[in-house]
Amino acid sequence: MQQTIINRRQQLKQRSQFLQQLRAFFYARDVLEVDTPMLSQGATPDLHLRSLSSELQIPGQANKQNYFWHTSPEYPMKRLLCEGSGDIFYLGKVFRDGDISPRHQIEFTMLEWYRLGFSLPQLIDEVCELVNSVLPEQRQIQKLSYQQAFQQFAGIADIFQASAQECIDCLNRHNVPEIVGVDKDDKVLWEQLILTEVIEPQLGQCEITVIHDFPARDAALAKIDDANPWIAKRFEVFVDAMELANGYNELADADSYRQRFEESLAHRLEYGLPQVPLDENLLSTLKAKPLPECSGVALGVDRLLMLSLGVKDIAQVVCFSTEAC
Amino acid sequence: MATVSTNEFKNGLKFLMDGQPCTIVDNTIVQPGKGQAFNRVKYRNLMTGRVLEKTFKSGEKVEAADVMDTELQYLYNDGEFWHFMDAESFEQFQAAEAAVADVAKWLVEQDMCVVTLFNGDPISVTPPKQVTLEIVETDPGLKGDTAGTGGKPATLTTGAVVQVPLFVQIGEKVIVNTEKGEYVSRAK
């Protein structure tokens, strides 16, 4: 029993010091911590994110009001950026329903930050510097475009031009177990499966691997490359085959935000998913005070702590796992 | 037939794949931040014992399998089938050779076994952890050798062969661990 108590204190101390270290990184760079609200009347319309919601009793309202728990602090942080906050970071809890695995909890800790005037390469450098500052050993940085990653790790010369059948052949060539439920013509899904089943397990094995230049359809709220309408200015960071961070050169134009949101809602409709109210506060702020030129990134804090301590299950780095709450 | 969606997948869930009953041994959700979620599933075919892998798009459905583990008493082998009985309802079940294959040598009449039933038919049998069996053949050991430094093979009534200490003789009953196939001790 005594041993258990000591180990528990040790574990809590590691986490506490780790959070302190992350904050220190930003204080040293004059990036301000903001604790944006977790509840909002608007939710992310993203097809693949499931927001939790709660009924709030607001004084003066006859009926309870539905509020959504944030899946990331992106929207309120962008409002702050529009209102002149300057460089900011958020370090705290976010919620994404439906997924519990050794790498994911429904409630987890996210670090998200925005840097004014940063290009995507500048932000990539800063993310790698932060990651290297907490890894047990310094790692080299490997930067690959999405297309290069498919060439190098899956043997596909041009993923943008490849057919669904070429993607299926690639999966077979790499002895990926049978996939159930994907239409044979659904190239986008087969391409995603190459990424998750063939490429990602090979990423960041000895280095920090950064994948950039994602297809425009995965832009989310990233800018599209001026020179190439097929490419989104987005990157992801991998260490030990685990996706750690996801960053954009941020879309600025208010109308483009509404357009992207509407597209996501249309996708939700197509897939039979519930519609969600948009964050109208964000949209009206963007319209009134344009978002300054900036890049932003979200990083999974629990995953980074796992890498820092060399543990394989996210449940080992949090106080209590979702299932133990 | 009832169906089970991927979001109900968990270890131990029984389902039908190509008409054969299977049990999930590992279920990992792969949810990329920007894409469709999948369930990476390892499952054991309960008929063959083979472990296989498939990746299901989230939301896919599989057929539920009517599979359950019940405790039944082993009665006898008629040469073709192994007969078991529910000690409460007295309902009898007959298991074919495929279902008992590896464990037939550990089946002792009257012993309680865990029998896996698929649509009411036995598909696998788990004998008790320890069974007591009589030695029908073994070399005579040296008198006075009780240290048990060496061992010798002994054939039991069911045909099973286990290593026993030198002092154990024909006609004696021994306790055997059925998982390891190892001698535990002499039975009192």
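Predicted model: local features only at pLDDT ≥ 70, side-chain atom pairs only at ≥ 80, totals over all residues.
Let's begin with the overall form of chain B. Chain B holds one helix and 16 strands. Its radius of gyration is 22 Å, whereas the globule rule gives 16 Å for 188 residues, so chain B is more spread out than a compact globule.

Now turn to the place where chain B meets chain A. Chain A brings 24 residues to this contact, and chain B brings 16 residues. Together the two chains bury about 1900 Å² between them, and carbon and sulfur atoms give 51% of that area. On the chain B side, the residues that lose the most area to chain A are Gln31(B), Lys34(B) and Thr55(B), which together make up 33% of what that side buries.

What holds charged and polar groups face to face here? Let's look at the pairs. The rule finds two salt bridges across the interface of chain B and chain A, and also ten residue pairs in polar contact. Three strands of chain B each give two or more residues to the side that touches chain A: S3 (20–30), S4 (38–45) and S5 (51–57). Of the elements on that side, S5(B) gives the most, with five residues. Sorted by type, the residues on this side of chain B are five nonpolar, five polar and six charged.

Find Glu178(A) in your view: its bridge partner in S5(B) is Lys54(B). The side chains of Glu178(A) and Lys54(B) also meet in a salt bridge, at 2.6 Å from N to O.

Finally, let's visit Arg96(A). You will find Arg96(A) in the loop between strand S5 (88–95) and strand S6 (107–116) of chain A. Ser51(A) is 45 residues away along the chain, yet the C-alpha atoms of Arg96(A) and Ser51(A) are separated by 5.8 Å. Leaving out residues up to four places away in sequence, Arg96(A) touches several others, including Leu49(A), Arg50(A), Ser72(A), His104(A) and Phe108(A). Thr71(A) is another residue that Arg96(A) touches, and the side chain of Arg96(A) reaches the backbone oxygen of Thr71(A) at 3.0 Å.

Key
Residues numbered from 1 in each chain as written. Chains lettered and ligands numbered in written order. Heavy atoms only, no water. Contact = heavy atoms within 4.5 Å. Buried area = accessible area lost by both parts, 1.4 Å probe. Salt bridge = Lys/Arg side-chain N within 4 Å of Asp/Glu carboxyl O. Polar contact = N/O pair within 3.5 Å; in protein donor to acceptor, adjacent residues only side chain to side chain. Helix = DSSP H or I, 4+ residues; strand = E, 2+ residues; numbered from the N terminus. Nonpolar A, V, L, I, M, F, W, Y, C, P; charged D, E, K, R; others polar. Pairing = 2+ DSSP bridges. Rg over C-alpha atoms; globule rule 2.2 N^0.38 Å.
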